[in-house]
Structures are given as structure tokens and as C-alpha cells.
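Please look over the sequence and the 3D model below before reading on.

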Amino acid sequence: MEGCTHDGRIGQFTFALNTLAYTEMRRSSAFRHASNSRVGARPGLQYVGPGDETISLSGLLAPEFMGDRLAIDRLRDMATKGSAYALVNGAGEVFGAW
């Protein structure tokens with residue numbers, strides 16, 4: 001939704017107007033298929049499982065009006081720990097561990 005801000009959580013970090021709100025969430029999923037050569041025919045494909053999944057959040061940080069200048073640093077600190085955190089949107093929908 002263009003122009004709207006969303007809230008949610010990743011771990012203990014809350015996305016909100018006073019921290020860091022996002023305006024858009026994009027999710028993409030990949031699915032893996034192995035190719036097997038066949039004599040005299042096109043290769044056969046076999047589903048071998050899910051692939052990578054990506055969630056991207058985009059928004060605007062304007063500390064003079066809204067948001068916290070240190071919010072990005074807190075998210076970077078979480079990322080450098082290498083732990084997985086539960087991602088939940090403001091409606092309570094759980095997207096798993098990221």
C-alpha cells in the first residue's frame with residue numbers, strides 16, 4: 001500500500017512510526033526442480049523441494065518527523081548475531097523465522 005505505514009515485529013524489534021515503519025512488504029518464493037536428461041526426449045523435471053524465500057521491507061526514515069535514527073543500527077546488530085527471529089506483521093500473521 002503506497003503511502004501507508006505498517007507495524008509488525010522481528011524478534012523484539014517493533015516496526016512503528018516512532019522506530020522504523022515500512023510502507024511496503026514484498027515476498028518471493030522459489031521452488032526447485034531437477035532436470036534429468038532422457039535419450040530421444042526432452043529432459044524430465046522432478047520437483048525436489050522448496051528453494052529460497054525472501055521478504056523485503058521498504059520505507060522511509062525521517063528522524064526529524066518520525067522514526068529513530070538508531071533503528072537501523074539495532075537491526076544491523078540483530079543481523080550480525082546470526083540468530084533467527086520471528087517475523088510477525090501488525091495483523092498477527094506469522095512469516096516464520098528470519
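**From single residues to the whole chain**

V94 is exposed, since its relative accessible area is 57%, where exposed means over 50%, buried means under 20%, and partly exposed lies in between, with a 1.4 Å probe and protein chains only. This is a predicted model, in which local features need pLDDT of at least 70 and side-chain atom pairs count only at pLDDT 80 or more, while totals for chains, interfaces and linings use all residues. Residues are numbered from 1 along each chain as its sequence is written, and side-chain values use heavy atoms, with hydrogens and water left out.

V94 belongs to strand β6, which covers residues 94-97; strands (E, at least two residues) and helices (H or I, at least four) are DSSP runs numbered from the N terminus. If residues up to four places away in sequence are not counted, V94 touches L87 and V88, contact being defined as heavy atoms within 4.5 Å. Along the sequence V94 and G8 are 86 residues apart, yet in space their C-alpha atoms are 9.8 Å apart.

Is I55, by contrast, buried or exposed? With 17% relative accessibility, I55 counts as buried, and its place is in strand β4. Apart from neighbours within four places in sequence, I55 is in contact with M25, R26, R27, L87, F95 and W98.

T14, in strand β2 (residues 13-15), counts as partly exposed at 29% relative accessibility. Its contacts, leaving aside neighbours within four places in sequence, are G8, R9 and T19.

Now consider the chain as a whole, which has 1 helix and 6 strands, arranged along the sequence in the pattern β-β-β-β-α-β-β. The radius of gyration, taken over C-alpha atoms, is 19 Å, well over the 13 Å that the globule rule gives for 98 residues, so the protein chain is more spread out than a compact globule; that rule is 2.2 Å times the number of residues to the power 0.38. The C-alpha atoms fill a box of roughly 65 × 30 × 25 Å along the principal axes, and buried residues make up 19% of the 98 residues. Among contacts between residues at least 6 apart in sequence, 48% join residues at least 24 apart.

What space is left in the largest pocket? The largest pocket holds about 420 Å³, a pocket being an open set of points on a 1 Å grid over the protein atoms alone, with protein on both sides within 12 Å along at least five of seven lines, and its lining residues having an atom within 4 Å of a point. Of the 19 lining residues, I10, F15, L20, L57 and L75 are the closest to the centre of this pocket, and the elements that give two or more residues to the lining are β4 (41-58) and α1 (71-81).

A search of the whole structure also finds 1 cavity of 30 Å³ or more, a cavity being a set of points where a 1.4 Å probe fits but cannot get out. Its lining consists of A16, L17, T19, L20, A21, L60, L61, M66 and G67.

How values were computed:
Grid points are joined across faces, edges and corners, and a volume is the space filled by probe spheres set on the points.
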